[in-house]
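Morning, everyone. Please bring up the sequence and the structure, and we'll walk through a few parts.

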Amino acid sequence: MKNINSILTIEQLSKDYVDSTGHVVHLLENVNLEIKESAVTTILAPIGAGKSSLLKIISDLEFASDGEINGKVKKKIFIPSEPSSFPWLNVKENILFNIPDSDKSKLQEIINFVGLEGYQDHYPNSKSLGFRFRIALAHAIMNNVDLIIIDEPFTKIRDEVKSGIYSLLRKVLQERKISIVIGTSNISEAILLSDIIYLMDKNPGRILDSFEIKFHDPIRSNFQSSTEFSEYRERIKTYLTNINPNRILNISL
């Protein structure tokens, strides 16, 4: 399964846990997927499939019950679905949180890169979710990570704001060469962001298939209205329809 472009491979990964009533829940079953270098890998899954747990396992924040994760990632960071910036710290202080002094010389360049120039002294608690995501992304870049793992942070962000963040993530990939893993339940979002999409079932969570996504423009700033985008979305919709559609719930267009 592993090839020269892989930075992580997940093999036969499963997870069980005991719920509040004492029942054992078989959440993930024999998950196999590959995270490639300098690519966006997306796990497209219905709500409740266990993708958040899978992302946390990849991030070393949770443990699997079985299986292996192998690879060469030196440093990775997890961005959760809820804003992770500290409201009592300003933008600059949030980005620099837990960063060694020796690494602070590139702060202004990264602030400009993520679109926060002029906001260094602002506090994030009164700002939009998109603004706070940019802070988290800047913090990840400041940390010199090889892999950024993002758990569905865009569901409550306005559509007109999302498009700018999508382009920014593709820019991170192209210019910073940082690999990205995203969990989402939105087909359009997965297509716009991804180089490869893994489609995940639920009860238990398992990988059904993968789809490689290729566009001529690597930033993909205007592709939602393109023929390429429509073709990819129709292909995934058809796949979902042809398997048992009653099992794939809560995946949006």
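Which residue of β9 does M200 stand opposite? M200 stands opposite I207. Keep in mind that this is a predicted model.

Let's stay with strand β8. I196, Y198 and M200 point one way from the strand. I197 and L199 point the other way, and they are buried too.

Now its partners. β8 pairs with strand β9, residues 207-212, in the antiparallel sense over 5 bridges. The hairpin of β8 and β9 has 6 residues between the strands. There, N203 takes a positive phi near 55°. β8 also pairs with strand β3, residues 40-44, this time in the parallel sense over 4 bridges. In that pairing, T41 has I196 as its bridge partner.

Next, an open sheet. 3 strands form it, in the order β2-β1-β4, with antiparallel pairing. β2 (24-36) and β4 (66-71) stand at the edges. Each has a single partner strand, so one side of each is left without a neighbour in the sheet. From one strand to the next, the twist averages 15°. Look at β1, residues 6-18: 9 bridges join this strand to β2. Within that pairing, T9 stands opposite E34.

Last stop, helix α4, residues 129-142. How far apart are its end C-alpha atoms? They are 20 Å apart. At 1.5 Å a residue, the 14 residues should span 20 Å, so the two values agree. The helix is mostly covered, with 13 of its 14 residues buried. Just after α4, N144 takes a positive phi of about 55°.

Note on methods
Residues numbered from 1 in each chain as written. Predicted model: local features only at pLDDT ≥ 70, side-chain atom pairs only at ≥ 80, totals over all residues. Heavy atoms only, no water. Helix = DSSP H or I, 4+ residues; strand = E, 2+ residues; numbered from the N terminus. Expected span 1.5 Å × (residues − 1). Buried < 20%, exposed > 50% of the residue type's maximum accessible area, 1.4 Å probe, protein only. Pairing = 2+ DSSP bridges. Axes fitted to C-alpha atoms, helices over the stretch in contact; angles between N-to-C directions.
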